[in-house]
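User: I'd like to go through this model with you. Can we start with the pockets?

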Amino acid sequence: MSSKSWTERLLGGFRKTTDRLSENLSAIGGATARLDDLTLDEVEDALILSDLGPGVAARIRSRLAEQRFGRDINEQGLRAAVAEEIAAILRPVAKPLQITAFPRPQVILVIGVNGSGKTTTIAKLAHLFQEEDYGVMLAAGDTFRAAAIGQLAVWAERLGVPIVRGAEGGDPASIVFDAVKQATDTGIDALIVDTAGRLQNKRELMDELAKIRRVLGRINPEAPHDVVLVLDATNGQNALSQIEIFKEVAGVTGLIMTKLDGTARGGVLVAAAEKYGLPIHAIGVGEKIDDLRPFDPDLLARVIAGIA
């Protein structure tokens with residue numbers, strides 16, 4: 001897959017966001033205009049409507065006012081300035097997920113609500129690690145849904161990686177315990193663990209994840225090394241409430257956002273970076289195995305501003 005096709009699909013997902021900004025940025029005229037309060041109001045409104053959220057929009061407005069208020073600026077110059085401010089928010093949190101744990105394996109708990117693309121993201125993450133020549137194992141810790149176990153098993157077979165699984169309704173902590181033992185015995189580098197995504201009973205989920213953590217701690221006090229929350233970009237600002245809940249119940253250490261190829265709401269990733277400062281490891285723009293890429297903050301900023 002070419003870099004161009006990846007960018008094109010990312011642009012496609014942000015087309016409505018870009019169009020919203022275009023309407024407002026174009027309002028300053030084709031030549032040059034004074035960056036005054038009215039123009040700044042329009043830019044701020046466009047950013048809020050693009051799901052970047054009021055906090056990010058206010059920050060960008062303030063920065064533009066500090067640097068350029070009262071100056072003449074054209075549309076492209078304004079786009080570039082907006083892109084740079086978005087990138088400044090995103091760059092500190094752009095951190096690829098790296099295998100550094102010693103002793104191995106590095107245990108990665110993957111969490112997220114059902115329907116977020118969690119199981120498919122696990123497969124894509126495994127593929128990324130395989131491309132870096134790491135040995136990978138999967139653990140089907142979402143025993144609440146038989147479909148999740150089956151889907152993960154299908155992916156494991158396609159990827160040619162081992163999987164540890166149990167019966168529907170089984171004890172996730174026992175599966176994780178067995179998986180860590182097997183991964184340790186066979187020299188696996190990365191153990192990626194699927195977990196239940198139900199939020200209807202937050203206490204039950206919290207207890208389940210706490211038990212998994214206790215079991216892991218008996219084998220390796222450093223585990224889990226990563227707790228990665230998968231977010232669906234189409235949820236927009238609702239993704240922020242998911243971060244809030246999962247931070248509470250699971251101690252999230254990083255984010256992956258999926259479905260950025262089909263949404264006008266992916267600007268919420270900027271809002272998440274501004275509000276929580278959690279590492280953003282990767283983004284996804286499709287269903288294929290290589291449709292997950294390490295997060296590029298400058299590219300995303302240009303895409304949102306419509307200059308990629």
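User: How much space lies in the largest pocket?
Analyst: About 160 Å³. A pocket here is an open set of points on a 1 Å grid over the protein atoms alone, with protein on both sides within 12 Å along at least five of seven lines; lining residues have an atom within 4 Å of a point. Grid points are joined across faces, edges and corners, and the volume is the space filled by probe spheres set on the points, the probe being 1.4 Å. This is a predicted model: local features need pLDDT of at least 70, side-chain atom pairs count only at pLDDT 80 or more, and totals for chains, interfaces and linings use all residues. Residues are numbered from 1 along each chain as its sequence is written, and side-chain values use heavy atoms, with hydrogens and water left out.

User: Which element gives the most to the lining of the largest pocket?
Analyst: Helix 6, with four residues. Helices (H or I, at least four residues) and strands (E, at least two) are DSSP runs, numbered from the N terminus. Helix 6 covers 118–131, and strand 9 also supplies at least two lining residues. The lining includes Leu125, Phe129, His281 and Pro294.

User: How do strand 9 and strand 10 pair?
Analyst: In the antiparallel sense, over three bridges. Ile283 stands opposite Arg293 in strand 10.

User: At what angle do helix 9 and helix 10 pack?
Analyst: About 45 degrees, with their axes 9 Å apart. That makes helix 9 oblique to helix 10, since angles under 35 degrees count as roughly parallel, over 145 as roughly antiparallel, 65 to 115 as roughly perpendicular and the rest as oblique.

User: Where are the cis peptide bonds?
Analyst: One runs from Arg104 to Pro105, with omega near 5 degrees. Another joins Ala223 and Pro224, with omega about -5 degrees.

How values were computed. Pairing = 2+ DSSP bridges. Axes fitted to C-alpha atoms, helices over the stretch in contact; angles between N-to-C directions.
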